[in-house]
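Please look over the sequence and the structure shown here before reading the notes that accompany them.

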Amino acid sequence: MTPDRVALLGMFETATKIKQCDERFRLLLASGQIVCTYYSPRGQEIIPSAFSVLLRPDDYMVTTYRGLHDHIGKGVDLRGLWAEFLGKRSGTCKGKGGPMHVTDPTSGLMVTTGIVGSGLPIANGFGLAAKLAGTDQVTVVNFGDGASNIGAFHEALNLAAVWKLPVIFMCQNNRYAEHTKLADGTSVERIAMRAAAYGIPGVTVDGNDPIAMYEAAATAVRRARSGEGPTLLEGITYRFFGHIMGDDMKYQPAEERQAAMDADPVPAFRVWLLAEGVAEEVDLAEIEQRCDAAIDDAVAYALAAELPSPDELEDDVYAENLA
Amino acid sequence: MSTATEPQTVMLPMVAAINRAIDEAMTKDPRVIVLGEDVADSEGGGVYKATMGLSTTHGTDRVRSTPISEQAIVGAAIGAAIAGFRPIAEIMMFDFIAVAMDQVCNHAAKLRYMSGSQTAVPITIRCSAGAGMQFGAQHSDMLEAWLCHVPGLKVVIPSNPADAKGLLTSCIFDEDPCVFVEQTMSYFLPGPVPVGEHVVPLGQAAVRREGTDLTIVSYGRQVNDCLRASDALAQDGIEAEVLDLRSLVPLDLDRVLTSVAKTRRALVVHEAVTRCGFGAELSAQITEHLFDSLAGPVARLGAKNVPVPYSMPLERAYLPGRAEIVDAARRVVEH
């Protein structure tokens, strides 16, 4: 399943939007205009870009605290997303979730968890719901390489396999579990090898290669949608700015990081689109300007938005406030 | 002639009342599903037969035996609940909830709040619980205080078969995650259970015995011990009022305070270990609200602060029983 021109340009638009959002976010952080914890997804744009053109709004997605790229890829409205990151009342979650806990059912972004690996068992629940309701909705759950070492990963893969749930387990292998190198904390060379333990397909692809990523994701989505069951997909990628914004990144060799940044997947995608004649310079410039304008709008909206009132603190704990 | 009709009842043990509640909820609402270890009939219908017959009646799509994977059970229940189902997740023993605490406390409890009420998690987690069966330290705990400490959860513990049916029905159709605690020692004691729909709202304590000299606040099977202790106390002229909380979150504090304001003395009794148990919270609440009218300190009686022992004399010494309740009540009255 090779992506057509529409899919490729859609992917490029998502990747561009993620890259620009991240750049704007880091700029505002560095200038002191906003203050928050931030887990930059810069360098990991291609994986969610593939899903952005393969999933429907009624497909479910679960992601983790490093989730901005997945939020954008699933189509969360930029205004609400930025407002939530800034803790504003008009954010997707009324400012109660924040960057680590974005939920936006309208776009199908159902859960963002701050607990490593915990999204996988919940993703099975969305898969089960679709199966019981007899729909062909699929669920994609994103997690990092580190999450494959926690018990929830193994419980979830086993149950998904036993029940043949329409779930795509998307491991975004950025080669570091917080500050620990993959090889220092993980018993296998490739996370996808772990699929063999559960009798499901395990596929490793270059998560920064748009064509390879699209094809692998499309195969997994088709398999889930047709009722054949789950896939463990591993996209090899790299995060440019450490675990959390501000960490010293001493555990990442400088030359390794430089090489990854030299191979920045978004400009590389741009060069490829032009070289292959998929698009003209004017087409891509128009996409970039459109993303820029959308981000300008979202940032202005979020900066001007109201903060929540302390009166709202005790709302939303239960369906009805307890006495 | 009176035309008032008492609801028709049938004598059932609590475990059967629980089965009826689930069966009727599943019949009424196709969104109700059951997940848990060995819950389907091909696996025995649950270790205590609480779900016996349900997979035969409602199908194995809706009554699903799972692997021994508590995180996966609760996680799947959470996802399905957000997507519109009303899952009942069975955690075979209360102690095993420790394995799933991340899903229970970080996810089920918090997802409504973290999403600004965009997503609800209407799950019911059923756990068999409690000591008295010589199951030892890892199959006998009462851990309700852990869960009461987490905003977002509701915690419910029935004392009799009728309440088990009515409260479980409320939990299944509640919009929030509920933990429903079933003491195994109560499973096989019969009591009258209303036939057909029976709902006991959460957050409404019941006065099981009226009295004037002290208020004994309890929940779960210890309510019955408190009632028997009250009979013994009455022979000495001490009239205890016995309250059955039925749910700890939400808590019917008004009912508790009304009673203690009248009796001016209070004793809290539960099976869980005393230290940091629910009695500590209740004692503090009563004291904060009624300090000036209390005739003495609020007393607590729970299990000893040890893991649940195996051997019978040790297990009996661990649990608070009728004699200990009588002694504690006397001390409260004599203060």
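This is a predicted model: local features need pLDDT of at least 70, side-chain atom pairs count only at pLDDT 80 or more; totals for chains, interfaces and linings use all residues.

**Two helices of chain A**

- Helix α1 (residues 5–30) of chain A and helix α2 (residues 46–54) of chain A have axes that come within 8 Å and cross at roughly 135°, which means that α1(A) is oblique to α2(A).
- The crossing in which α1(A) passes α2(A) is right-handed.
- On the α1(A) side the residues that meet α2(A) include A:Ala7, A:Gly10 and A:Met11, while among those they meet in α2(A) are A:Ile46, A:Pro48 and A:Val53.
- The residues of this contact of α1(A) with α2(A) comprise eight nonpolar and four polar, with no charged.

**Helix α8 of chain B**

- Helix α8 (residues 222–235) of chain B, with 14 residues, reaches 20 Å from its first C-alpha to its last, which is close to the 20 Å expected at 1.5 Å a residue.
- Several residues of α8(B) are buried, including B:Val223, B:Cys226, B:Ala229 and B:Leu233, and the elements that cover the buried residues include β13 (266–273) and α12 (322–334) of chain B.
- After α8(B) comes B:Gly237, whose phi is positive, near 85°.

**The contact of chain A with chain B**

- Chain B brings 36 residues to the contact, and chain A brings 34 residues.
- On the side of chain B that touches chain A, α3 (70–82), α4 (101–108) and α5 (111–114) of chain B each give two or more residues, and α3(B) gives the most, with nine residues.
- That side of chain B divides into 16 nonpolar, 15 polar and five charged residues.

Key
Residues are numbered from 1 along each chain as its sequence is written. Chains are lettered from A and ligands numbered from 1 in the order in which they are written. Axes are lines fitted to C-alpha atoms, for helices over the stretch in contact, and angles run from 0 to 180 degrees between N-to-C directions. Helices (H or I, at least four residues) and strands (E, at least two) are DSSP runs, numbered from the N terminus. Angles under 35 degrees count as roughly parallel, over 145 as roughly antiparallel, 65 to 115 as roughly perpendicular and the rest as oblique. A crossing is left-handed if the near helix is turned anticlockwise from the far one by less than a right angle, and right-handed if clockwise. Two residues are in contact if their C-beta atoms, placed from the backbone, lie within 7 Å. Ala, Val, Leu, Ile, Met, Phe, Trp, Tyr, Cys and Pro count as nonpolar, Asp, Glu, Lys and Arg as charged, and the others, Gly among them, as polar. The expected span of a helix is 1.5 Å times one less than its number of residues. A residue is buried if 20 or more other C-beta atoms lie within 10 Å of its own, exposed if 12 or fewer, and partly exposed in between; C-beta atoms are placed from the backbone.
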